[in-house]
Amino acid sequence: MSHSKIVYLDQSKNPTHYYNIAADFPEPMAPPLHPVTKQPVGPDDLSGIFAMELIKQEASTERFIEIPDEVQDLYRLSRPTPLIRAENLEKYLDTPAKIYFKYEGANPTGSHKTNTSIPQAYYNKKQGIKKLVTETGAGQWGCALALACKHFGLECEVFMVKVSYEQKPYRRTFMKLFDASVHASPSTLTKSGRDVLAADPNTPGSLGIAISEAVEVALQRDDTNYTLGSVLNHVMLHQTVIGLEAKLQLEMVDAYPDIVIGCVGGGSNFAGISFPFLHDKLTGAKKDLEVIGVEPSSCPSLTKGKFEYDFGDEAGFTPLMKMYTLGHDFIPPSIHAGGLRYHGAAPTVSHLLHLGLISAAAHEQTEIFKAAQLFAQTEAIVPAPESSHAIKEAIVQALKCKETGEKKTILFNCSGHGFLDLGSYERYLNNELD
């Protein structure tokens, strides 16, 4: 078994509880603040747009939170996902390091996002909500929510960042296949969108703007709630099924990572792979574990942002959150890793970086596509541009091991496939990327 390239976990071993890292923080996080009063927000402040069970999870410091049976049943469509040893990549790099990756691209929507869209739709349905509104960058989150809403009989409306709406048309098609309505953001459907367009009719849009539009629509109807695909504590919580599975799979091959890597936009897939391992670091079991969040050089919230209170959206509807941020009015360049075009990082991830428990790195767009091409040629998986940031950093770390002779074990999250990003790959191959 220790020589298996692909490690499969039996479905009977699926995690039954999410891991909540807030229970193990050495210092508590700064609370979110009300956008008007600047006082810590309470459940009543959030109940207008979120399901109450999600609000409870947002504030919880309970270490393990049970996964409902109906959510577990739906997870079984694609979970557990495989853990794969990247042996061909290791050989190509001539590194003594062992490289493992968790492959989240083998689910119905092609990314890790269903890990949170399913429970979010479930809790809203249970509360009697009829419709969910959201934003999406590259479209992975929109696709995941459209699928979950269809299953639970909810309406779904998605504001998709305009540059990605144009770059990634097939993700729009996927959402519409599940009866979601999809708008390019900024749109003329909301005051937030109209205000942005009045100031700059040619704006590429941003996740911050799309969030403002979605929240504005959700506030208009009592039977409608808003959902977020990243950043918030409950989203990070749901994603920990990734790392919990990875731990069990690595045990099966008698391995444990020295380095854990994930790409970071808001931070959900990074949290998913790393938080269950950070539990070991925080409790003293694995003090020397290195955890690296990787972001685009063009949207460097962790590496160049300020650690301060900021809005999660452009218009200032959301609570103020303590996070590494480039400013809520920052419009990122039109890079093809649309899922990473966010001005801030999740408060949980930001808190870990501030405490020195994780580190951050940033890579240029052309470099990550080069890494993605190498990964496709060696491991026969075409990764999403977002995931390719983690691949690039894994290569950097493996080459460091080649220099030092260290036989480290590297684990990264391949958070999605790139089949709907082939237009971006074509531009890379034609030397048309910045």
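## Pocket and aromatic contacts

The largest pocket has a volume of about 850 Å³. Here a pocket is an open set of points on a 1 Å grid over the protein atoms alone, where a 1.4 Å probe fits, with protein on both sides within 12 Å along at least five of seven lines; lining residues have an atom within 4 Å of a point. The volume is the space filled by probe spheres set on the points, which are joined across faces, edges and corners.

This is a predicted model, in which local features need pLDDT of at least 70 and side-chain atom pairs count only at pLDDT 80 or more, while totals for chains, interfaces and linings use all residues. Residues are numbered from 1 along each chain as its sequence is written, and side-chain values use heavy atoms, without hydrogens and water.

Let's turn to the rings. The structure holds twelve aromatic pairs (Phe, Tyr or six-membered Trp rings with centres within 6.5 Å; planes under 30 degrees apart are stacked, over 60 edge-to-face, the rest tilted).

Phe101 counts as buried at 0% relative accessibility (buried means under 20% relative accessible area, exposed over 50%, partly exposed in between, with a 1.4 Å probe and protein chains only). Phe375 is also buried, at 0%. Phe101, Phe375 and Phe412 form one aromatic cluster.
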